[in-house]
Each structure stands twice: as C-alpha cells, then as structure tokens.
Amino acid sequence: MNKQTNMNAAEDYTSETSQKDLAAGVLKQARQDLRRFHGAMSAVERELYLDAYSWFTSDDCTWPFSFLNVCHLLNLAPESLRQELLTDASLGLFSYLARRIGRAARRLHTFLGHVFTSERNSAAVDPVPLTHVPIA
C-alpha cells in the first residue's frame, strides 16, 4: 500500500465514523422530541413533536439522514425501532418509566440467576475431599 491509499482509507474511516455519529445524534434527538413533546400544549412543542413523528414514520430515502437511511447506516431494523419508539412515546411519563424499570428489573433478575447458578455449580464440582482418619 502506498501513502495515498493509507490516507484515503483513514479519510474513509473518519468520514464513516462521523456519519454514524451524526446519524446516532439525529436519531437520539428525534427520540427525545417524540417522548418529551408527546403531550405538548404550546404550538412550538407540538410542532417539534409532529416533526419527530413525521420523521419516524416517513419512508422517504431521498434525504441522507432520513429515518430509513439512519437505520441502514446504524444497522437497525426500521420497523422494530418504529414500533418501540412510537409505543414508548404514546405512553405517559409514568408508564414509560415503569416499563423501563420493569425491563431493568428483568435483566437484573436474569443476571443474578446466572451468577448464583454458576456459584452453586462450581461448589458442587469442587467438593471438599474427605480424609480417612484411622480409628485407634
């Protein structure tokens, strides 16, 4: 490889990384707007909600950072992500937080189950050896 090829590879990597970072930022902002302004009362907040909602539901691929292009760039399944985000956004804040806490509790339960199961199994595998004590 020559120096020019190395420079092009580095630029391509930097460009791809920057695009992914920007795409992740666009997705994060739209997600926040969708949740934050779901029950908005002011015209500005309703507009922010509708912009985010329209972005998530659009199948337009002409804009480089459209929802479908962002999903493709980040290797996400658009329909699954839409379903999750729009369901979360339709919940109130309390319901949303309860759902998230429930998910975290299930993960913790599963994790602790694996920890204690492996501890019991390791104790069963390494029993304390019995020594023969002669009776006098």
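Is E79 buried or exposed? I looked this up first. E79 is exposed, at a relative accessible area of 53%. For this I took buried as under 20% relative accessible area, exposed as over 50%, and partly exposed as in between (1.4 Å probe, protein chains only).

Notes on the source. I am working on a predicted model, where local features need pLDDT of at least 70, side-chain atom pairs count only at pLDDT 80 or more, and totals for chains, interfaces and linings use all residues. Residues are numbered from 1 along each chain as its sequence is written, and side-chain values use heavy atoms, with hydrogens and water left out.

Entry: salt bridges. I counted a side-chain nitrogen of Lys or Arg within 4 Å of a carboxyl oxygen of Asp or Glu. That rule gives two salt bridges. In one, R82 pairs with D59 at 3.0 Å, N to O. This pair links distant parts of the chain, 23 residues apart: R82 sits in helix α4 (residues 78-90), D59 in the loop between α2 (43-57) and α3 (67-73). I took helices as DSSP runs (H or I, at least four residues), numbered from the N terminus.

R82 also bridges to E79, with the closest N and O atoms 2.8 Å apart. Both R82 and E79 lie in helix α4, three residues apart, about one turn of the helix. Shared partners join D59, E79 and R82 into one network. I then checked cover. R82 is buried, with 8% relative accessible area. D59 is exposed at 53%.

Entry: D33. I found D33 in helix α1 (residues 3-36). Setting aside neighbours within four places in sequence, I listed H38, L48, Y49 and A52 in contact with D33. Contact means heavy atoms within 4.5 Å.

Entry: nonpolar patch. Which residues make the nonpolar surface patch of about 400 Å²? I noted L108, F111, L112 and F116. Patch residues have over 30% relative accessible area and no salt bridge, and nonpolar side chains (Val, Leu, Ile, Met, Phe, Trp, Tyr) are joined within 5 Å, like charges within 9 Å. Areas come from the Shrake-Rupley method with a 1.4 Å probe. F116 is in helix α5 (residues 93-125). F116 counts as partly exposed, because its relative accessibility is 44%.

Notes. Helices (H or I, at least four residues) and strands (E, at least two) are DSSP runs, numbered from the N terminus.
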